[in-house]
Amino acid sequence: MDQALDHTAPLLPPSHMEVGTGPTNGGRVRQAVADVADGAALWRLGLTLGWLDIKLRYRGSMLGPFWLTISTAIWIAAMGALYSLLFHMDLHGYLPFLALSLVLWTAFGGLVGDACNTFLQSEATIRAMRMPYFVHAVRVVVRTVIGLAHNIPVVVVVFALLGLWPGRVAFWCIPGLVVWTIDSFAICIALGTLCARFRDIPPIVASIMQIAFFITPIMWQPQQLGTHGWWLKLNPFYDLLEVVRQPLLGAVPTVQMWLAAALYSVLFCVLTSMLFVRVRGRLAFWM
Amino acid sequence: MASMVVENVSVDFPLYHGSARSLKKTMFARAAGRLGEDGQHRTVVQALRDINFALSTGDRLGLIGTNGAGKTTLLRTLAGIYEPTCGRVIVDGGINALLDTQLGMNPELTGRENILLRGLYSGLGRSRIRQLEEDVQDFAELGAFMDLPMRMYSSGMVVRLGFGLATAINPQVLLMDEWFMAGDARFMAKARGRLENVVQGAEILVLSSHQNDAIRAWCTRVIWLDHGRMRADGGVDEVLSLYMGQQAAA
């Protein structure tokens, strides 16, 4: 059977590619910005990649990603029961806090761990075709969001069981989530590039996140520290977590919290941008 | 109107081994002042040096040279995969780089999913992607294997899928590495016609090959790469005879 290609076969959309304008910063900055813009334009690809990753992870399993939901539910139920028994915590006040904190941290901590592999996992693709690096960041963030979406029902159930409803204040979490999304892209790019260059970073990151889990108010509430809580301001995870968590628990975060979260985010994004501009052109050689 | 301009392009490959890959070791070496001596062991391979040429619609360039001359590196640089250490590459027109049969496909995903990803990457709409799927399916004749992960395919199936996918999209600029796969006679007959269609449909072709017949058949201009430098650039017969002369003398 002779397969002649008919003239209606998909034609590539016209494009303009310019690589390598030398080490002058103007050219590099422009190309880094173009990378992010082109990557954003390919959002459908990033979305499909992230979704396929999840599908792949749970291929062949019975419940699929809902195993996430179940394991989170068990974790929260067990913790809640244990802590209320051991430390006589008021379940009504503690359980929603714990459920929400664990779910949010699983998403965030999971993202940081995942971000290390942003580019390493796509080595074959990076060496085969020119693709904006930003697409890989989108892929990792999409994966995390899908995972988070599977854990949210657990929080909703806990809230419903205890008759808690945050009310309209909850919508204040949206600006927080926007900041999280932007930070997530920055994390993926920053850690992705560093881990592509230095292969001993993933375990370092894992250790840091373990420590962060304990020094950030996730299992314990910030008010338990009382006056000793001054150092919380130095923990970027604290403010970033609170701007999303507080509204969902029915309180509006203070301006101070918002400023701190915004400041940490801006600082991190600026540093990541500088890194990206500098190393973007060399990334393919690090694979 | 497609065009390609390559200006003073040089590409250096850093070679990282062992301790240079470790953040901890690099930090300590820097602190101990051993950097540059034996701390980082940074070797650089000069893969390409001072490459200059320009192509426009209708040009078909052949790249010849011994193994390790830099042909694949040049193709990757033209595709934008490697960024030049200095100089620049400017290409107008959609590029398709056929550098190996894998095409960056993910072996954990099914054939159908890989086609979908390729279609999305090329910026095709949903109906075009469906067309693409049908086209590749007809050519590759994978049957039920289309919906099984690619790691379950035989090597022949991978080649058929990769080839079908690579030749299903018509680029303005086509870059091809030594790609004439050994398949059975029936497949080669089917593949040949399809490949010719894609090559003829492209406005610019850059082909790297060891087979002089292929170069003679498809190219209008040949560049001889030697140790990363352009040793000759001109008409097909002229450069091929220079090259063959040198090969005979060696």
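# Close-up views of a two-chain predicted model

At 18% relative accessibility, B:Asp226 counts as buried (buried means under 20% relative accessible area, exposed over 50%, and partly exposed in between, with a 1.4 Å probe and protein chains only). This is a predicted model, in which local features need pLDDT of at least 70 and side-chain atom pairs count only at pLDDT 80 or more, while totals for chains, interfaces and linings use all residues. Residues are numbered from 1 along each chain as its sequence is written, chains are lettered from A and ligands numbered from 1 in the order in which they are written, and side-chain values use heavy atoms, with hydrogens and water left out.

**View 1. B:Asp226 and its partner B:Arg231 form a salt bridge.** The closest N and O atoms of the two residues are 2.8 Å apart (a salt bridge is a side-chain nitrogen of Lys or Arg within 4 Å of a carboxyl oxygen of Asp or Glu). B:Arg231 is partly exposed, with a relative accessible area of 43%. Side chains of opposite charge can pair when their charged atoms come close.

**View 2. A:Arg139 and A:Asp53 meet in a salt bridge inside chain A.** Their side chains come to 2.6 Å, N to O. A:Arg139 lies in helix H6 (residues 134-161) and A:Asp53 in helix H2 (residues 43-57), so the pair ties together parts that are 86 residues apart in sequence. Helices (H or I, at least four residues) and strands (E, at least two) are DSSP runs, numbered from the N terminus. A:Arg139 is buried at 8% relative accessible area, and A:Asp53 is buried at 14%. Look around them for a network of salt bridges that links A:Asp53, A:Asp114, A:Arg139 and A:Arg143.

**View 3. A:Thr69 sits in helix H3 (residues 66-86) of chain A.** With 13% relative accessibility, A:Thr69 counts as buried. Apart from neighbours within four places in sequence, A:Thr69 is in contact with A:His150, A:Asn151 and A:Val154 (contact means heavy atoms within 4.5 Å).

**View 4. B:Glu83 and A:Arg280 meet in a salt bridge.** The N to O distance is 2.9 Å. B:Glu83 lies in the loop between helix H2 (71-78) and strand S4 (86-92) of chain B, and A:Arg280 in the loop between helix H10 (255-279) and helix H11 (283-286) of chain A, so the pair joins two chains. Both residues are buried. B:Glu83 also forms a salt bridge with A:Arg130, at 3.3 Å, N to O.

**View 5. Chain B and chain A bury about 5000 Å² between them.** Of this, 56% is on carbon and sulfur atoms (buried area is the accessible area, with a 1.4 Å probe, that two parts lose on being put together, summed over both). In chain B, B:Arg21, B:Glu83 and B:Tyr121 lose the most area to chain A, together 16% of what that side buries. The contact takes 65 residues from chain B and 51 residues from chain A, and five salt bridges are counted between the two chains.

**View 6. Helix H2 of chain B is mostly covered.** Seven of its eight residues are buried, among them B:Leu74, B:Leu75 and B:Leu78. The helix is followed by B:Gly80, whose phi is positive, near 85°.
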